[in-house]
Amino acid sequence: MEVIFRPQNYEICLNMAAIVLAVITLIIHSSEEDYYGKQRRIFGILIFMVIFVNVVGGIHNVWIYSDWAKSLLSYGFNCFMAVLEKAGVYVIAVVSMCYLMAIFRIELDRVWKVSVIAIPALCSVISVFSSLFNRNVFYFDARGDMHLSNVFSGTVNISSALYLMFAAYLIYKYSKSISSEKAIVLTAFFLMMAAGIPLKLIFHSYAPFEFGTALAVLLCVYTFQNPSEFIERLSGTGTKNALNFTVYTNLIQKKVFTVFGISIDRLSEAIGSESLEASSNLLTQIATYLRRIYPDAALFYPDDGVFIMVLEDIRPDDELIEGLAEQIRRRFKDPWKLREDDVRFTESPFAVGFPDEIGNFEKIVEVKDEMKKMLLRQNREVLRISDLNLKYAEHDKKIDNIVRKAVDNGLLEVYYQPIYSPLTGRFDTCEALVRLRDHQFGFISPAIFIPIAEKNGTVLGIDRFVLSSVCEMLAATEVLDLGIKYVEVNLSVVDCIQSNLADSVLDTLKKFRIGTDKINFEITETWEKEITSVVDDNVQKLTDAGVAFSMDDFGSGYSNVSRMATVPVKLFKLDKSIVQAAFESEVSYMVMINMIKIIKSLGKEIVAEGVETGEQAKQLIRLGCDHIQGFFYARPMPEAQFIEFLKEHNFS
Ligand code: C2E
Ligand code: CA
Ligand code: CA
């Protein structure tokens, strides 16, 4: 008894201290909610094993040093405790390896991984059990102490060294994905494991090692098992740390996955002034919704106003992503509850593909800022990396290559965006918009590739392709009967300075037997005098032949008001930046009203572009715009869908 209350032996002290530490760890561990699944279960086993080993090891040590214990427990029981202790130490080694693998989410999917875990475990089992039948591995002396007897125990040590090497390799490989204090904790953990072998040889006791494991689990419960590190407290989803960790470990393991983000405009402002409870309630509503539509994804709330889903084995141009974006868009048309009030938010989805689009961590930071900027002004389809105005030449070079071969490789398709006419209440025109879908990059926005195509000259081929496709559609389908009066087709400045533009266009129209009144070319203003005069010549030639022109993006740049009266165009397209700004500030609204007045006074028609809400449409119609184009009515769509759209909307 006296050895327990006043232990003179350091081994007993260590075992007792270890039990206290491990029990504290167990209490902390069980007070946390269940966030980690497998990792948490393995950690639970680890704590249990630490307590177990220290208890049986403690009993064994007490038995050796205490007559009282000897009178209570038999010699055989002591030996049994010692065997259990030894077996337990091996189990701790195996479980620690499994824990390390769970932390880094490594599956046992390769033979070598299984071998690294299984071989040492097998050696240990054989060594412990064979000792029951002979004295090959260890034996007990008269005092009841255990001794290793031969080389076989050496092989056990060697196989344990295998573990340690594997562990060291993992910690080294993944060290970038975890914070430095975590790397230190892991290193300390496995150094203690490694020290187990020499400690055993020096002290002839497992106690220092057993105490070390207790210390290690206590460190882990504050780092790897600490939910506040990984769980965002308001929304109940993953934190920024958790997201970084997930992305990083997936990258190291070369998994294919997509980071699908939903940036919610003004969400952080909305909850900024609310109580914690109200904010948490709102975030949880959104998180619950997102979890429901795709339960397989890991969900994070890493930044104010941005939810992130990580979808494994999905590429960003997968239809699933568009489907999710569509579903989310519909849901966000309805209000959310903030306390008793209904609040509405605008959301912008974006998708980044790993490792195709981003293969390393450094690039993420670079892309993130661009994404943020772009999200503020985007079209609200799913924003992709290829939409970004990334400065790196490498990216432009890839696009350059794709664009050069786009026509030949059949990567282009023409979409049509219906344009509404308030006068007739129908969609009587449309704009042809080119789409490029590359096998590797997925969808690339024309806002990105057209400028590149203008630089390398391929825009000529692209626009010729678009014009032929439009003519073919007009000739081969019933769109004219469905109420379409003409199609708006974009012309680049590069087209307009070709001396043969007019002839080439007229040839194409003739080939498909399309009347010149069925095409309306959209051109933009140019600065340079010489270019302007060539453009004017071409415009004049085509106008004489009966082709009409629109001034695109009017008001976006340096609209030259004095030139407006003389440009030979039939209509002006108010740029979407003007339209959208008008509904955000009074001054912009006045600017827009006056632009409309001037255009009307010149006797030209007006198209309002980028109309996204019913309120905007109503106001623009009231102000006298002749054509309304925008997502509120319809998005650009493939030909077949466009025809369906006309059937549905123009005759009902
Ligand atoms: P753009 O000529 O100003 O075309 C209108 C753009 O506004 C299209 O973008 C269209 O999808 C988008 N849009 C339509 N309604 C809305 C709305 O309600 N809200 C917002 N935010 N956006 C709306 P897209 O298709 O990405 O085209 C971008 C630009 O690429 C075009 O701007 C045009 O300059 C150029 N482009 C597109 N197709 C062609 C083409 O065949 N040839 C040439 N040369 N350029 C083209
Ligand atoms: Ca246009
Ligand atoms: Ca435009």
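Predicted model: local features only at pLDDT ≥ 70, side-chain atom pairs only at ≥ 80, totals over all residues.
Figure 1. Leaving aside neighbours within four places in sequence, threonine 25 is in contact with Phe43, Ile47, Val217, Leu218 and Val221. Threonine 25 belongs to helix α2, which spans residues 10-31. With a relative accessibility of 0%, threonine 25 counts as buried. Glycine 44 is 19 residues from threonine 25 along the chain, and the C-alpha atoms of the two are separated by 9.8 Å.

**Figure 2. Surroundings of threonine 239.** Threonine 239 is placed in the loop between α10 (227-230) and α11 (240-252). The relative accessibility of threonine 239 is 11%, so this residue counts as buried. When residues up to four places away in sequence are not counted, threonine 239 touches Ser228, Glu229, Phe230, Ile231 and Glu232, and also Phe300 and Pro302.

**Figure 3. Polar contacts of ligand 1.** A polar backbone atom of valine 434 is 3.1 Å from a nitrogen atom of ligand 1. A nitrogen atom of ligand 1 also has a polar side-chain atom of aspartate 463 at 2.6 Å. For lysine 576, a polar side-chain atom lies 2.8 Å from an oxygen atom of ligand 1. On its own, ligand 1 has 800 Å² of accessible area, and the protein covers 91% of that area.

**Figure 4. The shell of residues around ligand 1.** There are 24 residues around ligand 1, of which Arg435, Asp463, Lys576, Glu612 and Phe631 come nearest. By type, the shell around ligand 1 divides into eight nonpolar, eight polar and eight charged residues. Strand β11 gives the most to this shell, with four residues.

**Figure 5. The site of the calcium ion (ligand 2).** The calcium ion (ligand 2) is coordinated at 2.1 to 2.3 Å by Glu431 (OE), Asn490 (OD1), Glu522 (OE) and Asp552 (OD). Along the chain, the donors of this ion follow the spacing E-x58-N-x31-E-x29-D. Asparagine 490 lies in strand β13 (residues 486-490) and aspartate 552 in strand β15, so this pair ties together parts that are 62 residues apart in sequence. Asparagine 490 counts as partly exposed, at 23% relative accessibility. Aspartate 552, in contrast, is buried, with a relative accessible area of 8%.

**Figure 6. The site of the calcium ion (ligand 3) and the bridging aspartate.** The protein donors of the calcium ion (ligand 3) lie 2.2 to 2.5 Å from the ion and are Asp552 (OD), Asp553 (OD), Glu609 (OE) and Glu609 (OE). Their spacing along the chain is D-D-x55-E. Aspartate 552 bridges the calcium ion (ligand 3) and the calcium ion (ligand 2), and the two ions lie 4.1 Å apart. Aspartate 552 lies in strand β15 (residues 548-554), while glutamate 609 lies in the loop between β17 (605-608) and α25 (614-622), so the pair ties together parts that are 57 residues apart in sequence. Both aspartate 552 and glutamate 609 are buried.

Terms used: Residues numbered from 1 in each chain as written. Chains lettered and ligands numbered in written order. Heavy atoms only, no water. Donors = N, O, S within 2.8 Å, 3.2 Å for Na, K, Ca; no water. Helix = DSSP H or I, 4+ residues; strand = E, 2+ residues; numbered from the N terminus. Buried < 20%, exposed > 50% of the residue type's maximum accessible area, 1.4 Å probe, protein only. Contact = heavy atoms within 4.5 Å. Near = heavy atom within 4 Å. Polar contact = N/O pair within 3.5 Å; in protein donor to acceptor, adjacent residues only side chain to side chain. Areas by Shrake-Rupley, 256 points an atom, 1.4 Å probe, with all protein chains shown as cover. Nonpolar A, V, L, I, M, F, W, Y, C, P; charged D, E, K, R; others polar.
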